[in-house]
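Good morning, and thank you for coming. I would ask you to look at the structure on the screen while I speak.

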Amino acid sequence: MEREQVALAGFETVASRRESVQGRTRWLGALSVGLGLVKIAAPTQLTRVLGMRNSPSTRRVMAGLGLGEIAAGLCLLSLSRSQTAQKLVQPIHVVRTISINRPPETIYHFWRDLANLPRFMAHLESVTVQNGTSTWRAKAPAGMTVEWQAEVTLDRPNQAIAWRSLEGASVPNRGVVRFTPAPGGRGTEVTVELKYDPPGGELTAALAKLFGEEPSQQIAGDLRRLKQVLETGGLAHSDASIHRGMHAARPAGADEKTVILGREEVQS
Amino acid sequence: MKANCWMGKKRVEVQNVPDPQLLSHRDAIIRVTSTAICGSDLHLYNGFVPTMEKGDVLGHEFMGEVVEVGKGVSNLQVGDRVVVPFPIACGNCVACQAGTTSLCENSNPNAWIAQKMWGHSPCGIFGYSHMLGGYAGGQAEYVRVPFADIGPIKVPAHLSDEQVLFLSDIFPTGYMGAEMCDIQPGAVVAVWGAGPVGLFAMASARLLGAERIIAIDRYQKRLERAASKAGATDVINYEEADVYESLLELTGGRGPDACIDAVGMEAHANSPLYALDRTKQALMLETDRPLALREAIRCCKNGGVVSVIGVYGGFIDHFPMGAIVNRSLTLRSGQCHVHRYLRPLLERIERGEIDPSFVITHRLPLSAAAEGYDLFMNNRDDCEKVVLKAA
């Protein structure tokens with residue numbers, strides 16, 4: 001149990017980063033308010049310094065701009081104090097669970113062979129294991145690829161596996177998966193808990209959500225695919241789901257690029 | 001190949017689309033011989049089902065000949081003649097193993113959309129929106145059938161397409177609607193809607209031993225068909241008579257023992273409530289107008305069963321929960337678990353207990369699909385059921 005807690009301990013870097021982001025926000029806010037006050041209080045001097053024509057209309061425009069600047073500054077100042085700003089840089093914590101009509105042993109062994117993970121985790125390209133260290137390659141938003149190394153920190157056969165990324169990962173992450181027999185002989189409840197710390201924390205997650213890459217939904221999708229692989233022997237593909245993004249429910253043409261995760265040999 | 005595509009509200013079009021290919025080792029490709037337009041296709045046609053995309057191939061009632069099988073499909077061979085159930089089901093999950101295949105936990109790749117809408121996702125369905133999978137449908141020359149080792153049933157050569165085609169949906173759907181009524185000897189069953197599903201619900205109620213079967217609709221021809229072909233003992237035209245009063249009269253004041261709603265989300269009624277629901281629907285204040293369902297609940301006898309097989313998609317207003325609680329009514333529903341009815345209903349057809357082709361009024365080539373939708377939608381030419389011949 002102790003090791004498990006170690007595996008899920010928090011992220012040291014986060015608090016300090018939050019401090020610095022808050023500091024910068026406060027400084028920027030104060031600067032804006034100051035600039036705004038100058039624009040309102042001394043428009044004549046300011047226009048002269050900037051080499052602009054000193055007419056009543058420029059002074060009016062300057063005062064208007066000053067008001068805008070003060071408003072922006074006040075927003076920044078309030079943001080630096082609010083929960084929102086703090087939340088924006090927090091690590092992401094996702095818990096998702098699914099029931100799979102297979103015994104815990106089967107699911108544990110499948111998962112413990114980390115090379116199987118890309119068969120159902122849509123964003124993983126590969127996981128290779130060497131000398132107890134695994135190398136993970138994943139698709140990142142905007143067509144990029146990220147790679148990191150990880151180690152297994154807990155291995156309780158048929159019950160739980162935990163892992164964490166090693167020093168140097170661009171997205172520090174750790175996770176644990178637990179396998180619990182479901183009541184009434186309905187197989188196994190599989191619960192995944194992931195913590196990761198992308199640059200920008202929740203802000204990145206919120207942006208990613210706009211592009212359909214929301215983490216909890218991603219993990220839920222991965223678990224559904226795990227269930228499909230273990231229960232049915234492969235993934236369920238529809239005519240639309242093999243395309244990235246929306247596509248009409250009709251067969252794909254030979255010239256269309258499709259994405260079929262874990263495509264097996266289908267011909268008889 | 002040619003396929004009938006959804007091109008927007010009230011627009012379907014037969015287009016040339018790519019032929020399907022095997023995507024999994026449990027797939028088969030079927031060359032469609034006969035396919036039908038379902039009443040539930042009209043909800044897509046009228047734009048009441050969300051998550052449709054322009055170009056989606058429609059159709060979930062179809063049969064044909066196996067032309068290709070994946071290596072995991074050992075029960076079928078090229079050349080077999082099969083009927084395909086409309087729910088796509090894996091056969092391995094807890095829901096499938098319990099016989100509730102329309103609740104398959106693995107066949108909907110877009111389960112997350114359905115989950116957002118309904119809390120949990122049901123199975124994927126051929127040609128029935130992206131929230132139910134985004135599968136190309138069977139109003140086409142060819143169709144890919146996932147989990148083909150579980151779904152399709154081989155049919156004997158001596159039965160015609162028209163006799164077995166409706167095993168894909170409407171016969172089992174009507175049958176399940178009647179089965180949910182727990183019909184006892186002497187039972188009186190009222191069925192709202194004498195469309196194809198309603199007719200099969202009536203015919204099934206008769207097969208299951210109901211003594212009196214009351215059909216409710218507004219089209220006289222449909223009511224005549226219900227009486228002459230589907231075993232209805234009484235009919236009520238709701239444009240001519242008050243349904244509640246008529247049912248009291250027909251049941252000695254008790255109300256029917258069971259009421260089947262075979263109408264669903266686009267109900268009509270002869271009351272001001274119809275205009276209200278229609279307006280709310282247009283303003284997106286409710287998605288479905290449950291006029292038949294409300295009436296079925298009101299009319300059902302104390303302690304009776306209301307069985308809902310008409311399609312609903314979202315939310316309804318003025319749901320008479322008080323009647324259900326205070327009068328001990330049982331509300332049962334579900335998309336049909338077609339797989340479990342295929343064998344027993346095929347046997348009933350083989351024994352001559354029923355010939356499902358009685359519902360067919362129109363036979364058209366696949367290329368005339370748009371005309372078929374128009375005929376069915378507007379009840380032109382007394383249209384009851386359209387079969388499209390794809391080959």
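This is a predicted model: local features need pLDDT of at least 70, side-chain atom pairs count only at pLDDT 80 or more; totals for chains, interfaces and linings use all residues.

Let us begin with chain A. Its open sheet has seven strands in the order 1-7-6-5-4-3-2, and the pairing is antiparallel. At the edges stand strand 1 (92-100) and strand 2 (124-130) of chain A, each of which pairs on one side only. On average, neighbouring strands of this sheet are turned by 20° against each other, if direction is ignored.

Consider one pair in detail. Strand 1 of chain A is joined to strand 7 (residues 188-196) of chain A by nine bridges, and the two run antiparallel. Within this pair, Val95(A) has Glu193(A), in strand 7 of chain A, as its bridge partner.

Helix 6 (residues 104-112) of chain A packs on the sheet. This helix touches strand 1, strand 5 (160-165), strand 6 (173-181) and strand 7 of chain A, and its direction makes about 160° with that of strand 6 of chain A. Helix 8 (residues 215-232) of chain A lies across strand 1 and strand 7 of chain A, at about 25° to strand 1 of chain A.

In the segment after helix 8 of chain A we find Glu256(A).

I turn now to chain B. This chain is divided into domain 1 (2-169 + 336-389) and domain 2 (171-333). The C-alpha centres of these two domains of chain B are 25 Å apart. Where they meet, 24 residues of domain 1 of chain B are in contact with 20 residues of domain 2 of chain B. On the domain 1 side, the elements that give two or more residues are helix 1 (39-45) and helix 12 (339-350) of chain B. By class, that side has twelve nonpolar, six polar and six charged residues.

Chain B also has an open sheet of three strands, in the order 2-1-4, with antiparallel pairing. Strand 2 (12-16) and strand 4 (56-57) of chain B each have a single partner strand, so one side of each is left without a neighbour in the sheet. Strand 1 (residues 2-6) of chain B is joined to strand 4 of chain B by two bridges, and Trp6(B) stands opposite Asp56(B) in strand 4 of chain B. Helix 13 (residues 369-377) of chain B lies across strand 1 and strand 2 of chain B, at about 165° to strand 2 of chain B.

How do the two chains meet? Here 32 residues of chain A are in contact with 42 residues of chain B. The side of chain A that touches chain B has eleven nonpolar, 14 polar and seven charged residues.

In soluble globular proteins, nonpolar side chains tend to be buried together. The largest nonpolar core here has 141 residues, and Val189(B), Val191(B), Met202(B) and Ile260(B) have the most contacts inside it. Helix 6 (residues 196-207) of chain B gives the most to this core, with seven residues. Apart from this core lies another, of 23 residues, including Phe120(A) and Trp163(A).

Methods
Residues are numbered from 1 along each chain as its sequence is written. Chains are lettered from A and ligands numbered from 1 in the order in which they are written. Domain bounds come from an automatic or database domain assignment. Two residues are in contact if their C-beta atoms, placed from the backbone, lie within 7 Å. Helices (H or I, at least four residues) and strands (E, at least two) are DSSP runs, numbered from the N terminus. Ala, Val, Leu, Ile, Met, Phe, Trp, Tyr, Cys and Pro count as nonpolar, Asp, Glu, Lys and Arg as charged, and the others, Gly among them, as polar. Two strands pair if DSSP finds at least two bridges between them. Axes are lines fitted to C-alpha atoms, for helices over the stretch in contact, and angles run from 0 to 180 degrees between N-to-C directions. A nonpolar core is a set of buried Ala, Val, Leu, Ile, Met, Phe, Trp, Tyr and Cys residues joined through C-beta atoms within 7 Å. A residue is buried if 20 or more other C-beta atoms lie within 10 Å of its own, exposed if 12 or fewer, and partly exposed in between; C-beta atoms are placed from the backbone.
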